[in-house]
Amino acid sequence: MTSNGISAAGRAIGKKDSQVTLVEVSPRDGLPEVCNRLSTEDKIKYINKLSDTGLRKIECASFTHPRLMPDGYDAEKLIAGIDKKPDVTYVGLVPNEIGCRRAVITQIDEILFVLSASDTFNRINIGRSLKESLNKMLPSIMDTAVKNSRSIRVYVMTAFGCPYTGRINPEEIAQLLLKLDYMGASEVVLLDSTGMANPKSVKSTLRVLLDLQLNIDLAVHFHNTRGAAIANCVAAFEAGVRIFDTSLCGMSATPYGVSEMDIGYWNVPTEDLVHLFEEMGIKTGIDLDRLLDCARLAEKMAGVPLPGHILRARPASQIFEIPSHLKQPKAME
């Protein structure tokens, strides 16, 4: 990070007439749960449509073993079928070295690995201690990725609080970030797994991390479990972060710490954050009309209305036509 908190990616973004990067996660984190029984062709159509909106990074596939995640069985076919855009980075989730080896023989651009800042949460969610994830799993994934010219994106879950152990000290996150930077991660995503963050805690944590002035890019991924996700995004921007994970229509797998749902909608809706940033004068480089077309496609695939706001409320800048019966009559001559 630079002294003003803007990463190398942030500086490059400025050259493209946008001030932030929104990373679309719905093809991997949300679409499989909300729109089950989708064909590979449907998923490819959806990702290709997203690629035409101005988004520059899309998490599109999971290379998890089909026994654990049946929706991931077609990851190779999915990546092979995408009409890849040269200015879009396509990301694939890998759980271990085997998954990473599956990923690097495809045309995926970046590898995503998940761990938790909370050792307890790491053991419950991943089945390993945080030390094992850092010292055994991640090095082999890093080695495979680097040898195949792939960058590494790391999710740090429970970055703002753990439902089992409580608040996470920012200094703990700082120590973890230093290790990930040393190991060669290109981007670290602070994930608010159970929606425990608030704007004050976001700013205080990010100040500590940005003061490290590392070369690693820093992103945030907020869950709207308690309704604070959009406010936390604004707080993160004000603190200096320029990379935000979002999901079209808020689609999400069920996050940890909440009950099962008929439909997942805990991520920040991409269209809502694009609209908010643009209204604030913060350029996203994303075509909102095209993004809303993607939202309509997602709703069609889901077969039910999805909870993003802008598709129904319309952008605030759109002027409504005055009903004809309320229009002022022309003055008599």
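Predicted model: local features only at pLDDT ≥ 70, side-chain atom pairs only at ≥ 80, totals over all residues.
The buried residues of helix α7 are L130, S133, L134, M137, L138, S140, I141, M142, T144 and A145. With 18 residues, α7 spans 24 Å from its first C-alpha to its last, which is close to the 26 Å expected at 1.5 Å a residue. The helix has a kink of about 40° at L138, shortly before the proline P139. L138 is itself one of the buried residues of α7. After the helix comes S149, a residue with a positive phi, near 60°.

K147 pairs with D143, and their closest N and O atoms are 3.2 Å apart. Both residues sit in α7 (residues 130-147), separated by 4 residues, or about one turn of the helix. K147 counts as exposed because its relative accessibility, 63%, is over 50%. D143, at a relative accessible area of 39%, is partly exposed.

Another of them joins the side chains of K43 and D74, at 3.2 Å from N to O. This pair links distant parts of the chain: K43 belongs to helix α3 (residues 40-51), whereas D74 is found in the loop between β2 (57-62) and α4 (75-81), 31 residues apart. K43 has a relative accessibility of 11% and therefore counts as buried, the limit being 20%. D74 is buried as well, with a relative accessible area of 2%.

A further salt bridge is formed by K57 and E187, whose closest N and O atoms are 3.3 Å apart. K57 is part of strand β2 and E187 of strand β6 (residues 187-192), so this pair ties together parts that lie 130 residues apart in sequence. K57 is buried, at a relative accessible area of 9%, and E187 is buried too, at 5%. Both residues take part in a network of salt bridges that links R28, K57, E59, E110, R153, E187 and D245.

The aromatic side chains complete this picture. A search of the whole structure finds 4 aromatic pairs. One of them, between F121 and Y164, is tilted, with 6.2 Å from centre to centre and 45° between the planes. F121 lies in helix α6 (residues 119-126) and Y164 in the loop between β5 (151-157) and α8 (170-183), so the pair ties together parts that are 43 residues apart in sequence. The two partners can be set side by side in terms of accessibility: F121 is buried, with a relative accessible area of 2%, whereas Y164 counts as exposed, at 51% relative accessibility.

Elsewhere, F237, F244 and F277 form one aromatic cluster. The ring of F237 also has a charged neighbour, as R242 lies over its face at 3.9 Å from the ring centre.

Notes: Residues numbered from 1 in each chain as written. Heavy atoms only, no water. Salt bridge = Lys/Arg side-chain N within 4 Å of Asp/Glu carboxyl O. Helix = DSSP H or I, 4+ residues; strand = E, 2+ residues; numbered from the N terminus. Buried < 20%, exposed > 50% of the residue type's maximum accessible area, 1.4 Å probe, protein only. Phe/Tyr/Trp six-rings, centres within 6.5 Å; stacked < 30°, edge-to-face > 60°. Lys NZ or Arg CZ within 6 Å of the ring centre and 35° of its normal. Expected span 1.5 Å × (residues − 1). Bend = angle between axes of the 7 residues up to and from the residue.
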